[in-house]
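User: I'm new to this one and would like a quick tour. Could you take me through it step by step?

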Amino acid sequence: MEEKVFEIRWHGRGGQGAKTAALLFGDAALSTGKYIQAFPEYGPERMGAPVQSFNRISSQPIRNHSNIENPDVVVVLDVTLVGQVDVTKGLAPEKGVLIVNTPLEVEEIKEKLGYTGKVCTVDASRISMETIGKDIPNTPMIGALARVIGILGIEELLEDTKKKLEKKFRNRPEIVEGNIKAIKRAYDEVKGV
Amino acid sequence: MKVARTGNEAFAEAMRQINPDVVAAYPITPATEIVQIFSQFVADGLVKTEFVAVESEHSAMSACIGASAAGIRAMTGTSSQGLALMWEMLYIAAGLRLPIVMAVVNRALSSPINIHCDHSDTMGARDSGWIQLFSENVQEAYDNLIQAVRIAEHPDVKLPVMATTDGFILSHCLETLDILSDEDAQDFIGISPERPNLIKSLNEGSPITLGALDLQDYYFEHKRQAAEGMFNAKKVIPEIGKEFGKRFGREYGFFEEYQFVDAEVVILVMGSTAGTAKDIVDEMRKEGKKVGLLKLRVYRPFPAEELAKALKGKKAVGVMDRADGMSAFSGPLYPDICAALYDIDQGRPVIQNYIYGLGGRDIRKEDIRYIFEEIIKTAKTGKKDYTLKYIGVRE
């Protein structure tokens, strides 16, 4: 994993924070000493429409500026996309990982998709309802992703994300606290790792 | 310090450190964020800049011209149709020898309407008298904009400079940026050299006319002087690039050679695609293929002699154009390269042209590998079967 560029694709719906998740994750990876890229797919953007965003993470400077077609990991923020959007496109069953925000079990998702590769699930929406008070699955999914790919330390990730959120939500410490808890819980609760 | 910034954020940070006296701008995708972020810096009092929110890009450049003519630093940022709308003012900025610096995000021109990357917008400005610097990544975009101020204001140059990024590919891509401290950046940029004629004339009670009618008697002399500024820029740009390298460890010239010295075939490209091409060069090198890359950073002034010297003895060159010249011949970069290499007596490479990536069409490693394989074939026979191929288009 050290030598190569690690590629991630995020699936969400407009407004769910797929872009923010990629940016936050990239920024957090940078704080652990990695080189990073984070970029959204820009098209017609509407609330609720399927959207994608991407990360590249590497221990070497990243030079590739083409699209990501064969990701190592795919993160699905909204389980209703499963079956609507080809979320496993380009994912190699023998080495790729699919992480889905869902209360369903790993086997149920596999069956639904007819996908033979590794699948992880985490109920990020419930976690975010319980910690942040709203269904904002993108931050908990960062925790699940960190656990699955294992190239970033959770402590560094939490510390960096906390710093960033504190800047953004200066007068609302409960939001910062909730998000940090959400990331930590998803890190612990993700199934199928 | 290593931070994560998008191309637009990096341009905005560079502008904050440059701290220009005037920024006049009008929003356009995908460049909007540059001046949007910068306007926040103005509102937060982080810069001393007078921010002029104008009603069009034509007015943005006009306001920059007015400000720069008063002897102060003026900057703006734009893209695509915005740059096209500035077109007549671009020539006026250069003709008046005003060192305006502009951040440009490369985006396709309409029609059909498209917000994604190609180089057709800046190609339309290539003969305007503006210096053009292209960037491979967010780091280079930032470094180029910092250096642009020094290049533009150099007393031997006094020409406007545009530094560019590839729309969305760089403008909206978060990358690792090694940002200079404000002190280092500002120390490198320095104080604007005095431009005595302008400052005295506009501000000290003896007004003069700028841009007056200039017919058969002097127009030619003035254009010749502007052209001399461009010739001088060829000396100044590498000097400043070297100084930047000495201070901050990243040296810049007219172009970067990658796996070049023993390369038999070479791809020549500008912008973000150069990074992707480096990856494929490494892959093909491992397969024992003598492939190399020449990434052109400075398109205007055009480093013809330097390119001829570098490319002499190569067997084949594939010139990648992210714009169509609409000439029934080639893209805009190709004829320039051919002209630069024409005078090579012995060892002139065979040159072919590949138009790619219009309107943001993805350029993949496989596409670049295909081009290498094509020019390897050409190198074997020493003759080309064709001049131009379109890469990645359905037809």
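User: What is the strand order in the open sheet of six strands in chain B?

Analyst: Before that, some ground rules: this is a predicted model, where local features need pLDDT of at least 70, side-chain atom pairs count only at pLDDT 80 or more, and totals for chains, interfaces and linings use all residues. Residues are numbered from 1 along each chain as its sequence is written, while chains are lettered from A and ligands numbered from 1 in the order in which they are written. Strands (E, at least two residues) and helices (H or I, at least four) are DSSP runs numbered from the N terminus, and two strands pair if DSSP finds at least two bridges between them. With mixed pairing, the order is E9-E11-E10-E13-E14-E15 of chain B.

User: Which strands are at the edges of that sheet?

Analyst: An edge strand here pairs on one side only. Neighbouring strands in this sheet are turned by 20 degrees against each other on average, direction ignored. The two edge strands are E9 (255-258) and E15 (388-391) of chain B.

User: What is the bridge partner of B:Tyr258 in E11(B)?

Analyst: E9(B) and E11 (residues 291-296) of chain B run antiparallel, joined by four bridges. Within E11(B), B:Tyr258 has as its bridge partner B:Leu293.

User: What angle does helix H11 of chain B make with E11(B)?

Analyst: Angles run from 0 to 180 degrees between N-to-C directions, with axes as lines fitted to C-alpha atoms, for helices over the stretch in contact. H11 (residues 273-286) of chain B packs on the sheet and touches E9, E10 (265-269), E11 and E13 (316-321) of chain B. Its direction makes an angle with that of E11(B) of about 165 degrees.

User: Why do E3 and E12 of chain B each have one side without a neighbour in the sheet?

Analyst: They belong to an open sheet of seven strands with mixed pairing, in the order E3-E2-E4-E5-E7-E6-E12 (chain B). E3 (50-53) and E12 (298-300) of chain B stand at its edges, so one side of each is left without a neighbour, because each has a single partner strand.

User: Which residue is the bridge partner of B:Gln132 in E12(B)?

Analyst: Two bridges join E6(B) to E12(B), and these strands run antiparallel. In E12(B), B:Gln132 is partnered by B:Arg300.

User: Which element gives the most to the side of domain 1 of chain B that touches domain 2 of chain B?

Analyst: Chain B is split into domain 1 (2-248) and domain 2 (255-391), with bounds from an automatic or database domain assignment. Counting residues as in contact if their C-beta atoms, placed from the backbone, lie within 7 Å, 26 residues of domain 1 of chain B meet 20 residues of domain 2 of chain B. On the domain 1 side, the elements giving two or more residues are H6 (120-123), E6 (131-133) and H10 (219-248) of chain B. The one that gives the most, with four residues, is H10(B).

User: How far apart do the C-alpha centres of domain 1 and domain 2 of chain B lie?

Analyst: Both domains come from the assignment for chain B, with domain 1 covering 2-248 and domain 2 covering 255-391. The distance between their C-alpha centres is 28 Å.

User: Is B:Asn137 buried or exposed?

Analyst: B:Asn137 lies in the loop between E6 and H7 (138-153) of chain B. Leaving aside neighbours within four places in sequence, B:Asn137 is in contact with B:Leu170, B:Glu175, B:Ser272 and B:Gly275. A residue is buried if 20 or more other C-beta atoms, placed from the backbone, lie within 10 Å of its own, exposed if 12 or fewer, and partly exposed in between. B:Asn137 has 27 C-beta neighbours inside 10 Å, so it counts as buried.

User: Which element gives the most to the side of chain A that touches chain B?

Analyst: The contact takes 16 residues from chain A and 19 residues from chain B. On the chain A side, H1 (18-31) and E2 (35-40) of chain A give two or more residues. With six residues, the top contributor is E2(A).

User: Which residue of E8(B) is the bridge partner of A:Ala38?

Analyst: E2(A) runs antiparallel to E8 (residues 174-178) of chain B, and two bridges join them. The partner of A:Ala38 in E8(B) is B:Leu174.

Terms used:
Two residues are in contact if their C-beta atoms, placed from the backbone, lie within 7 Å.
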